[in-house]
Amino acid sequence: MKKALNLPNILALFRIALAPLMLWFFIDRDNTLFSSWHPSWFDYFAGLIFVIASVTDFFDGFIARAWDQMTKLGGILDPLADKMLVLAGFLGLMAIDRASVWAVFLILSREFFITGLRVVAVSEGKNVASTMAGKVKTVAQMFAIGFLIMNWPYATALLWFAVALTLYSGYEYTRDYFKI
């Protein structure tokens, strides 16, 4: 039996802890403790946290596969950590008016719907493995969040590209579930 609290799962738990910390750097910019900070420093810290969390996302999956440490707990923690990081990023970016409410609504609606669909599929004994479109969608969302945090050019275009990929991958999951 595989040990549930292994390095990949610890990395996923670390990502879960980083998500609210990143959100804090978005929403608590008026804190008197940091009143002397230039607003860009909040972006830098949120961006640093986001990069660290994104890198651990890659490594927890890589290590789990390479070291044969894939567990049921990891199957729950990894997507939860991904969702929490994306949620914190998009909610924080909306709070500082850098992300479109409609884009975030579409992305989060898809995430909730597909999560529910996956729960139903698992209860029916169906395979709900991630698809390539789902993985590309995640990467696009991560890049969009990173660009929006840093307020770089084309960030909004990248966000809408991520929305399109998000909706397409949601279509794929739905199609595969219903065998459309």
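**Figure 1. Buried residues of helix H1 in the predicted model.** In H1, the buried residues (under 20% relative accessible area, with exposed meaning over 50% and partly exposed in between, for a 1.4 Å probe and protein chains only) are Pro8, Asn9, Leu11, Ala12, Arg15, Ile16, Leu18, Ala19, Met22, Phe25 and Phe26. This is a predicted model, in which local features need pLDDT of at least 70 and side-chain atom pairs count only at pLDDT 80 or more, while totals for chains, interfaces and linings use all residues. Residues are numbered from 1 along each chain as its sequence is written, and side-chain values use heavy atoms, with hydrogens and water left out. Helices (H or I, at least four residues) and strands (E, at least two) are DSSP runs numbered from the N terminus. The cover over the buried residues of H1 includes H2, H3 and H5; contact means heavy atoms within 4.5 Å. H1 has 21 residues and reaches 31 Å from its first C-alpha to its last, close to the 30 Å expected at 1.5 Å a residue. The expected span of a helix is 1.5 Å times one less than its number of residues.

**Figure 2. Helix H6 and its cover.** H6 takes in residues 155-178, and its 24 residues reach 34 Å from first C-alpha to last, close to the 34 Å expected at 1.5 Å a residue. Its buried residues include Ala155, Leu159, Val163, Glu172, Tyr173 and Tyr177. Helix H3 (72-95), helix H4 (101-123) and helix H5 (132-150) are among what covers the buried residues of H6. Lys179 follows H6 and has a positive phi, near 55°.

**Figure 3. Thr131 in the loop between H4 and H5.** Thr131 lies between these two helices and counts as buried, at 16% relative accessibility. Leaving out residues up to four places away in sequence, Thr131 touches Glu172, Tyr173 and Asp176. Glu172 and Tyr173 are themselves among the buried residues of H6.

Figure 4. Most residues other than glycine have a negative phi. Asp97 is not a glycine, yet its phi is positive, about 65°. Asp97 sits in the loop between H3 and H4 and counts as exposed, at 66% relative accessibility. Asn151, also not a glycine, has a positive phi of about 60°. The loop between H5 and H6 holds Asn151, which is exposed at 54% relative accessibility.

**Figure 5. Ser36 in the loop between H1 and H2.** Ser36 is found between helix H1 (7-27) and helix H2 (39-66). Ser36 is exposed, with a relative accessible area of 68%. The C-alpha atoms of Ser36 and Leu167 are separated by 41 Å, and the two residues are 131 apart along the chain.

**Figure 6. The whole chain, for orientation.** The protein has six helices and zero strands. Its radius of gyration is 17 Å, close to the 16 Å that the globule rule gives for 180 residues, so the protein is as compact as a globular protein of that length. The radius is taken over C-alpha atoms, and the rule is 2.2 Å times the number of residues to the power 0.38. Along its principal axes the C-alpha trace spans about 55 × 40 × 25 Å. Of the 180 residues, 43% count as buried. Among contacts between residues at least 6 apart in sequence, 78% join residues at least 24 apart.
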